[in-house]
Structures are given as C-alpha cells and as structure tokens.
Amino acid sequence: MSSTTRTIPLMRKPAARTASGTKTACIRTFGCQMNVHDSDRIRRMIQDAGYAEVQRYEDADLVILNTCYVRENAVDRVKGHLGELGRLRREGRVKRVALTGCIGAAEESATLQRTYDIDLVLGTHNTYELAEFVGLPTMRETYTPELPGTEGEHSTFVTIMTGCNYQCSYCIVPTVRGRMICRPMGSVIGEVERLVAGSTGYVTLLGQTVDAWRHEGKRFCDLLEAVSESAPRVWFTTSHPSNMEDRTLRAMGERDTIVKRLHLPVQSGSDRMLKVMHRGYKAERYRRKIEVFREAVPDGTLSTDIIVGHPGETEEDHEQTLELVEDCSFDSAYIFKFSPRRGTEAATLPGAVPDAVVQRRFLEVLRQIEQNAFRRNRRKVGDVEEIYIRHGSAEDGKAIGETWSGHAVHVNTDVAPGNYVRARIESAGPHVLYAGEPSR
Ligand code: SAM
Ligand code: SF4
C-alpha cells in the first residue's frame, strides 16, 4: 500500500444475497461534491460486482453511507441513518452496512462501528477496499487522484487534486483527507477528452483547493486553459483566496467555455479572525481579488463560504464581515455556524460564542447576502440567455438550468439535461432567475 493510503481496522462479515439471487445496494451521500464524486466510483464498483442499485434502505441487501465530517450536524444526521438501519437489520430487511468517506477516516468511526455494528468502515483514502467487500478482486490503489469520473453522464466531476495543505483552525479536512496530492496534467486532460468523446458536455474540476494545483512547473491556470480547450463547458471548485491568480480570473472572462462563476470562500471579513483561522490572507487582499474578478468578468457570479461564531469572534469582527459582504456583493453564500471538530485547533480555543448570538449573526449575514443577491439578480431581468439544462423538468414542467454567468434558472422546457435552450429572463428571486418560454 502506498504512503498516501490509510487503513482503518476492518471487521468483515460474509457477503449476502437476496432469496431471488439479485443483490441490491443503496448508496447515500452526505456532504460536498468530492463525496458525490466518490459515490460515483462506489456506484461503479457495486455495479461491477453485480448489484442492482435501489433507492430505499428497505429494498437493499447492502447500504453504503458515504459520509461528511465537516460539521457536527453532518455526523448527527449519519447517526440517525445508522439507527434506522439498525432497526431494518433487526427486521432482516437490510443485510449489511458499510460506512465510507470522511467520518470513516476519523477516530470517532471506531466507536460508531462498535455502537451500530457496522460491517465495514473505510476512510477517504482506501475506498477501493470496498471492492473486496462486494466480491470483486482485491484492488490496490497507489495514487488516489487517478480516478475516472462517471462516463456517459452529461455533467461530470473530474478530481484534479485531493487533500489540503492548509491548516485552518476549524477544519477537519486535512486530518481526514490528508495532504494535497495533485494529479498530473496529462492524466486530467486524457480523462476530460475521453469524457467529452462520450456524452459529457460539462466538466467540473474538483478539489479542496483546486487553484493550489501545480505539477511539473504547471499551475492551475495552465490546467484550466487546457481543459477549456477540450471541454465545451468547464467549471471548478473550491478555490482558496491565497492561491487565486489574477490570470485565472482573466481567463474566466476571456474563455467562452468557462462558466463565469467564482466560488471563493472568505470565511470572515475581520483580519483578526482570519489570522486566528490561519487563512493566510487579509480582508483587503480578498477585496482586491474580487475587484479583479468583477473587472475581468463583469457578468460573472460570485459565491463564498462564511463561518459565524468561530471562538473569539467579537461584535466588531462580525461587523467587519458584514462590511465585506456589502463591499463584495456576493451572488450567493454558504453560511455556516461554527461547529467544533475534535482534533482541530479551534475546538480547544477559548471564547465560545453563545448560541443565541451565533444565530443572530447568522441571520444578519444571511439577510445581507440575500438583499445583495436579489438586487443583482433583478439586473438580469430582460436579458436573453443561453441556458444549460442541468436537471430535467419536474412535475410543474420547470427544468433547472444554468446561464454562462453561473446563475441558476427555472425554465419551462422538457429538453433533456445536457442540452441548451435560449430564453428571456422574466423575473428574479434572491436565489434563482425565472425564464419565459424558450425560443429553441
Ligand atoms: N477548501 C475549502 C476552502 O478552504 O474554502 C472549503 C472546504 S470545507 C469542506 C467547506 C466549508 O465548510 C468551509 O469553507 C467552511 O466555511 C465550512 N467549515 C469547515 N469546517 C467548519 C467548522 N468546523 N464549522 C463550521 N463550518 C466549517
Ligand atoms: Fe479546510 Fe482550510 Fe483546507 Fe479549506 S483550505 S479544506 S477550510 S483546511
């Protein structure tokens, strides 16, 4: 096993089969796009092993929970599912349960395995060990990022790096996902070309800090430019402000195939808090990056992550976050209430912020984000946009699409996902635009 893989002690039980002989498996994914992508690989393994995928636990011989550990409520959710699975197992409906992903890589997983009698626990670096568990030949994986995406899908994630070299005070990711490993450029481009030759029309480059990607003298912008030559539509997430180069922002404005949506987590608008968090930049530097983005990509959309209630956050720090939110005028944001994670520095810091204060700050940031987003969205009304259909129409006949500027749009069409329609934006809400009848 390579030095990049990590094994959690396993407790294996023999493989199960239903009376009809058809094995069934249900995969539940919690957390970020990295986990969604890992679930794609898990899906392939169970299909290769002859399992039919089912959506309900009660129909599954095997249930795989692919988990997130970033915040405590993510763990609470998984515990709820494990409790329910325990009941189904006692009733003989579910035979085996596997837990994979970030919880699997955390120390707490050993306790969970005992408490809930989980058959197999795997971390993020040894998901491939699931192969043996589902009856496939034993796999050895020496290089985690070298993993294919889901071919044949209209929109596909391509992992370009795994892990993270930062040590943000609050974050468990470096512990559960390890240090950064960048995938070679040729391997990424090869995969993108293969996917595009299939039916993929939209490639999302994935990693915890994609803009930190570098390999043999090449930097993220070189990779992005090369991918944008091969793929008809490209996006990337997540970026770190310290790694975001102006030339990447300019490339976003100049290249037609790159979706003009930047997700750049800021976390706080206070220099004091940014230092406590070990983010490695000041609020002014972040503002400057955003100025470059707004100038280079005037019709682009900007989103961010913000944590409220990190230990030691004062009213003044919070005010500074509100100021930054106003200055940057985000189009959307993920706002998180601080959640202490055992093993991180912030979990041991003094200065806990009372829940009621965290809740008020959360709502204040949310209100301001929504006001700005609503104002910006209203500017789009009247524009005619080319819209990429991401999700086919629901019962109300509305499909969900995305403009080249990265706005989410509800549009009345039965066009299949992966295709484009042109339509005029007729109205706007704080989170989404509403288009009229498409002209094609
Ligand atoms: N690598 C990305 C970056 O640095 O911006 C983010 C990855 S993290 C999985 C996604 C977001 O979760 C972070 O940007 C942060 O806002 C939030 N987060 C991480 N740990 C957290 C914690 N302990 N409490 C609350 N929010 C947290
Ligand atoms: Fe976590 Fe910070 Fe790394 Fe993002 S950059 S994954 S927040 S440690």
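# Exercises on a predicted structure

Of the 16 residues around ligand 1, those that come nearest are Q208, P265, Q267, D305 and S339; a residue counts as near a molecule if one of its heavy atoms lies within 4 Å of it. The model is predicted, so local features need pLDDT of at least 70 and side-chain atom pairs count only at pLDDT 80 or more, while totals for chains, interfaces and linings use all residues. Residues are numbered from 1 along each chain as its sequence is written, chains are lettered from A and ligands numbered from 1 in the order in which they are written, and side-chain values use heavy atoms, with hydrogens and water left out.

## Exercise 1

*Solution.* 

1. Continue with the backbone: a polar backbone atom of Q208 is 2.7 Å from a nitrogen atom of ligand 1. For S339, a backbone N or O atom lies 2.7 Å from a nitrogen atom of the ligand.
2. Identify the elements: strand 14 (301–308) and strand 15 (332–337) each give two or more residues to the shell. Helices (H or I, at least four residues) and strands (E, at least two) are DSSP runs, numbered from the N terminus.

## Exercise 2

Classify the residues of the shells around ligand 1 and ligand 2.

*Solution.* 

1. Around ligand 1, the shell consists of seven nonpolar, four polar and five charged residues.
2. The residues around ligand 2 include C164, C168, C171, H240 and R279. Q208 is also among the residues around ligand 2.
3. The shell of ligand 2 divides into seven nonpolar, three polar and one charged.

## Exercise 3

Is strand 9 enclosed or open, and which strands pair with it?

*Solution.* 

1. Count the buried residues: five of the five residues of strand 9 (residues 202–206) are buried, so the strand is largely enclosed by the rest of the structure. Buried means under 20% relative accessible area, exposed over 50%, and partly exposed in between (1.4 Å probe, protein chains only).
2. Consider the faces: Y202, T204 and L206 are buried on one side, and V203 and L205 on the other.
3. Find the partners: strand 6 (residues 155–159) pairs with strand 9 in the parallel sense over five bridges. Two strands pair if DSSP finds at least two bridges between them. Within this pairing, V158 has L205 as its bridge partner.
4. Strand 12 (residues 234–237) runs parallel to strand 9 and is joined to it by four bridges; here T237 stands opposite L206.

## Exercise 4

Which residues of helix 3 are buried, and where do they lie around its axis?

*Solution.* 

1. List the buried residues of helix 3: E108, S109, L112 and Q113.
2. Look down the axis: these residues fall within an arc of 140 degrees, so they line one face of the helix. The arc is that of the directions from the helix axis to the C-beta atoms.
3. On the other side, R114 and T115 are exposed.

## Exercise 5

Describe the backbone at T238, D117 and H278.

*Solution.* 

1. Recall the background: most residues other than glycine have a negative phi, and most peptide bonds are trans.
2. The peptide bond from T237 to T238 is cis, with omega near 0 degrees. T238 is placed in the loop between strand 12 and helix 8 (246–254).
3. D117, not a glycine, has a positive phi of about 55 degrees. D117 is partly exposed, with a relative accessible area of 35%.
4. H278 has a positive phi near 60 degrees and is found in the loop between helix 9 (271–276) and helix 10 (283–296).

Terms used: Polar contact = N/O pair within 3.5 Å; in protein donor to acceptor, adjacent residues only side chain to side chain. Nonpolar A, V, L, I, M, F, W, Y, C, P; charged D, E, K, R; others polar.
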